[in-house]
Amino acid sequence: NKEGAMGIIINAPIERININHILEQMESPIRAGDRKLPVLFGGPVEAHRGFVLHNGQHQQETALSERDGITVSANVAVLMAWLQGDFSSKALLALGYAGWSPGQLESEIEQGSWVVVPASPSLIFDVDNEEKWNIAIASLGFDMGNLSSTVGHA
C-alpha cells in the first residue's frame, strides 16, 4: 500500500525452534501436543513477531490479509485457536517479515531483482520447503538455469 510493502519467507524453517519453545516463551499453558506447526524464518524485520498463515478455514476480523485461500494473522488468539483444535486449517508460523519502503519493492521488481509468482495455498502448505522455490519458478513456465545473471536494459 502507500506505506510500503511486506513479505513473509515461506521456505526457511528454523531448525532449533519448535512451536512448544515459542509457547514456553509466551508462558502459555497450552502445548501443541501432536499438532504440527512448522516454524519458519519469515524475514529479518521484527524477528520476535509471529505471523500465522493458514488456508482460511478460520475467519477473523483481525486478519492482516485474506486472499486466494491464504489468511495471514498476527493475532495470538488465532494461534491459540489452531493449537486447541478450534479449526483444522493447514497452517504455519513465521517469525519476522521482510519490509520495503513506499515504491522500493516496485523499483526492485522493475530492476529485475525479483521474480514474482502468484501465491497458492498448495505451494505454501503442501510443498516441502526444499521444493517451494523450484515449483514457484516452474509455475512461470521457464527454467531459471536458462536465465543470465547479467542484467541490462534494451
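# A walk from loop to patch

Let's start with Glu27, which is exposed because its relative accessible area of 71% is over the 50% cut-off. Keep in mind as you look around that this is a predicted model. Glu27 sits in the loop that runs between helix 1 (19–25) and strand 2 (39–41).

You'll find Glu46 in strand 3, which covers residues 45–54. With a relative accessible area of 34%, Glu46 counts as partly exposed, because that class takes in what falls between the 20% and 50% limits.

How many aromatic pairs does a search of the whole structure find? The search turns up two. In one of them, the ring centres of Phe51 and Tyr97 are 5.8 Å apart and the planes stand at 85°, so this is an edge-to-face pair. The reasoning is simple enough: planes over 60 degrees apart count as edge-to-face. Phe51 belongs to strand 3 and Tyr97 to strand 6, so the pair ties together parts that lie 46 residues apart in sequence. Both Phe51 and Tyr97 are buried.

The other pair is made by Trp100 and Trp114, whose ring centres are 5.8 Å apart with planes at 85°, so the pair is edge-to-face. Here the parts being tied together are 14 residues apart in sequence, because Trp100 lies in strand 6 while Trp114 lies in the loop between helix 3 (104–110) and helix 4. Are these two tryptophans buried or exposed? Trp100 is buried, at a relative accessible area of 16%, whereas Trp114 counts as partly exposed at 41%. The cut-off explains the buried label, because buried means under 20%.

Together with Ile109 and Val116, Trp114 forms a nonpolar patch on the surface, and the three have about 280 Å² of accessible area together. Val116 is placed in the loop between helix 3 and helix 4. Val116 counts as exposed, with 53% relative accessibility.

Next come the charges. How many salt bridges are counted here? The count comes to one. That bridge joins the side chains of Lys90 and Asp126, at 2.5 Å from N to O. The two partners come from distant parts of the chain, 36 residues apart: Lys90 is in the loop between helix 2 (76–83) and strand 6 (91–100), and Asp126 is in the loop between helix 4 (121–125) and helix 5. As for accessibility, Lys90 counts as partly exposed at 43%, and Asp126 counts as partly exposed at 44%.

Where is Glu130, one of its members? Glu130 is in helix 5, residues 129–138. Glu130 is exposed, with a relative accessible area of 62%, because exposed means over 50%.

Note on methods
Residues numbered from 1 in each chain as written. Predicted model: local features only at pLDDT ≥ 70, side-chain atom pairs only at ≥ 80, totals over all residues. Heavy atoms only, no water. Helix = DSSP H or I, 4+ residues; strand = E, 2+ residues; numbered from the N terminus. Buried < 20%, exposed > 50% of the residue type's maximum accessible area, 1.4 Å probe, protein only. Salt bridge = Lys/Arg side-chain N within 4 Å of Asp/Glu carboxyl O. Phe/Tyr/Trp six-rings, centres within 6.5 Å; stacked < 30°, edge-to-face > 60°. Patch = residues over 30% accessible without salt bridge, like charges linked within 9 Å, V, L, I, M, F, W, Y side chains within 5 Å. Areas by Shrake-Rupley, 256 points an atom, 1.4 Å probe, with all protein chains shown as cover.
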